[in-house]
Amino acid sequence: MVRRPVAWVTAIVLFAEAIGIALVNWFMGIVVDRQDMSLAGLDSDVMSTSSKVAGLLFGLYFALCGVVALRVALRDRAPAGVGRILLFSAAVVHALLGAFTVGLVGWGAFAFMMVVLGLIVLIFMTYDRREGTVSDAGPDDAKPDGGAAGGGAAGGGSGGTPVIPPPAPSIT
């Protein structure tokens, strides 16, 4: 199965990205502080501090997403609750960052963001929530006489009972 290795690789990549984003923002804060310039009247100390704090917060966010992916790898179960929301938000963040980086940094950064996005989405796809329940076939497919009821897309609901739509309103 590819589920566990994908979760492990995703966790490692998210941890590396957390460290990388924190270091890049810390470096940018140092550069702004040493230039002693202002942007639209903002103090350089404020810009430097905000860059460092933002880098640390963003790094902690990616590290927390890495912890969720690591937990998925260790438990071999789909993420649930807050962990699911965190991984979903990380996927959205990587899609948006990929769109921004293609113009600002280049295609290499875009490719990295799309690989991480693909790894996160692959976690969701390989850990299907219906896996631990009864099969997808339903109770009608296991009839003792071997016949199958019309419970497909045209037939309808659960339990093999066809769904009959309500009558259309008459115009009089």
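Helices (H or I, at least four residues) and strands (E, at least two) are DSSP runs, numbered from the N terminus. By that rule the protein chain has four helices and zero strands, and along the sequence its pattern reads α-α-α-α. The model is a predicted one, in which local features need pLDDT of at least 70 and side-chain atom pairs count only at pLDDT 80 or more, while totals for chains, interfaces and linings use all residues. Residues are numbered from 1 along each chain as its sequence is written, and side-chain values use heavy atoms, with hydrogens and water left out.

Of the 172 residues in the protein chain, 27% are buried. Here buried means under 20% relative accessible area, exposed means over 50%, and partly exposed is in between (1.4 Å probe, protein chains only).

Begin with the first two helices. Two packed helices are described by the angle between their axes and the distance between the axes.

Glycine 20 is in helix 1 and is partly exposed, because its relative accessibility is 31%. Its C-alpha atom is 7.8 Å from that of glycine 59, which is 39 residues away along the chain.

The structure holds one salt bridge, that is, a side-chain nitrogen of Lys or Arg within 4 Å of a carboxyl oxygen of Asp or Glu. It joins the side chains of aspartate 76 and arginine 3, at 3.3 Å from N to O. Aspartate 76 lies in the loop between helix 2 and helix 3 and arginine 3 in helix 1, so the pair ties together parts 73 residues apart in sequence. At 25% relative accessible area aspartate 76 is partly exposed, whereas arginine 3, at 10%, is buried.

Phenylalanine 88 is in helix 3 (residues 82–104). This residue counts as exposed because its relative accessible area is 54%. Phe88 makes a nonpolar surface patch of about 680 Å² together with Val92, Leu96, Phe100, Leu104 and Val105. Patches are made of residues with over 30% relative accessible area and no salt bridge; like charges are joined within 9 Å, nonpolar side chains (Val, Leu, Ile, Met, Phe, Trp, Tyr) within 5 Å.

How values were computed: Areas by Shrake-Rupley, 256 points an atom, 1.4 Å probe, with all protein chains shown as cover.
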